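Here is a short briefing on one structure. Take a look at the sequence and the fold before reading on.

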Amino acid sequence: MSRLAAGLAALVMTIPAAAQERDFLTTNEADQVRLAQEPNQRLNLYVVFAKQRLDQMEQLAKEDRPGRSALIHDLLEQYTEIIDAIDTIADEALRKKVDIAPGMKIVADAEKEFAAQLRRLQEAKPADMGRYEFVLGQAIDATDDSLEAANEDLGKRTEQVVAREKREQEKLEGLMQPKDLEAKRAEQKKQAEAAKKERKRPSLLKPGEKAKADRP
């Protein structure tokens, strides 16, 4: 058994069967994501994870052995989930008005190569491709869509994210009972006023002076 095959087998065995359908990251990868709170860092991490899946897939495609198609299938599913996560992270950051230009540059450059890797496999037409052809097509479509979004003007994409969120919010409110909607809007107003007061709270510190908690 090659080191790649052994590594993949170990990866599968360390994930409980019930969780394999839901979790597309290893425990170590999930820990790295939790530690990376800044969106650009997270985008870079997910790009690394996606590349690892495709490199493993490409290596497996060169090996003629039983069980290969199942491993390629699972890697492609994980890869597509990672690409979807990249898009979600980017949209959430834009909604919060975070500058993700550095991360989007990394994503766009990487996804261009990802698309080429996936199409190389598709064009090679391995004998067992029928067993993962559908998820391969999904991975290609997800990559193409994500690459298009990564190359899009961030200002325009931000407007689209905000508009989509507004539509979803209006749709949700349309399903709510009048009293529940009224209570929700009252709570939103309360939170907005509290945030406004917090921003306007005067400081009693002299210029250059730090609060006790901030002093070394």
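Axes are lines fitted to C-alpha atoms, for helices over the stretch in contact, and angles run from 0 to 180 degrees between N-to-C directions. The model is predicted.

**Helices H6 and H7**
- Helix H6 spans residues 101-124, and helix H7 spans residues 133-150.
- Their axes come within 9 Å and cross at roughly 155 degrees.
- H6 is therefore roughly antiparallel to H7, as angles over 145 degrees count as such.
- The crossing of H6 and H7 is left-handed.
- On the H6 side, the contact residues include Met 104, Val 107, Phe 114 and Leu 118.
- On the H7 side, they include Leu 136, Ile 140, Thr 143 and Leu 147.
- The contact of H6 with H7 has 12 nonpolar, three polar and four charged residues.

**Thr 143**
- Thr 143 sits in helix H7.
- Thr 143 counts as buried because its relative accessibility is 0%.
- A polar atom of the Thr 143 side chain lies 2.7 Å from the backbone oxygen of Ala 139.
- Beyond its neighbours within four places in sequence, Thr 143 is in contact with Tyr 79, Ile 83, Glu 111, Phe 114, Ala 115 and Leu 118.

**Two loop lysines**
- Lys 97 lies in the loop between helix H5 (68-95) and H6.
- Lys 97 is not a glycine, yet has a positive phi of about 65 degrees.
- Lys 97 counts as exposed, at 61% relative accessibility.
- Lys 125 is in the loop between H6 and H7.
- Lys 125 has a positive phi of about 50 degrees, though not a glycine.
- Lys 125 is exposed, with a relative accessible area of 59%.

Technical notes:
Residues are numbered from 1 along each chain as its sequence is written. This is a predicted model: local features need pLDDT of at least 70, side-chain atom pairs count only at pLDDT 80 or more; totals for chains, interfaces and linings use all residues. Side-chain values use heavy atoms; hydrogens and water are left out. Helices (H or I, at least four residues) and strands (E, at least two) are DSSP runs, numbered from the N terminus. Angles under 35 degrees count as roughly parallel, over 145 as roughly antiparallel, 65 to 115 as roughly perpendicular and the rest as oblique. A crossing is left-handed if the near helix is turned anticlockwise from the far one by less than a right angle, and right-handed if clockwise. Contact means heavy atoms within 4.5 Å. Ala, Val, Leu, Ile, Met, Phe, Trp, Tyr, Cys and Pro count as nonpolar, Asp, Glu, Lys and Arg as charged, and the others, Gly among them, as polar. Buried means under 20% relative accessible area, exposed over 50%, partly exposed in between (1.4 Å probe, protein chains only). A polar contact is a pair of N or O atoms within 3.5 Å; within protein, one must be able to donate a hydrogen and the other to accept it, and residues adjacent in sequence count only if both atoms are side-chain atoms.
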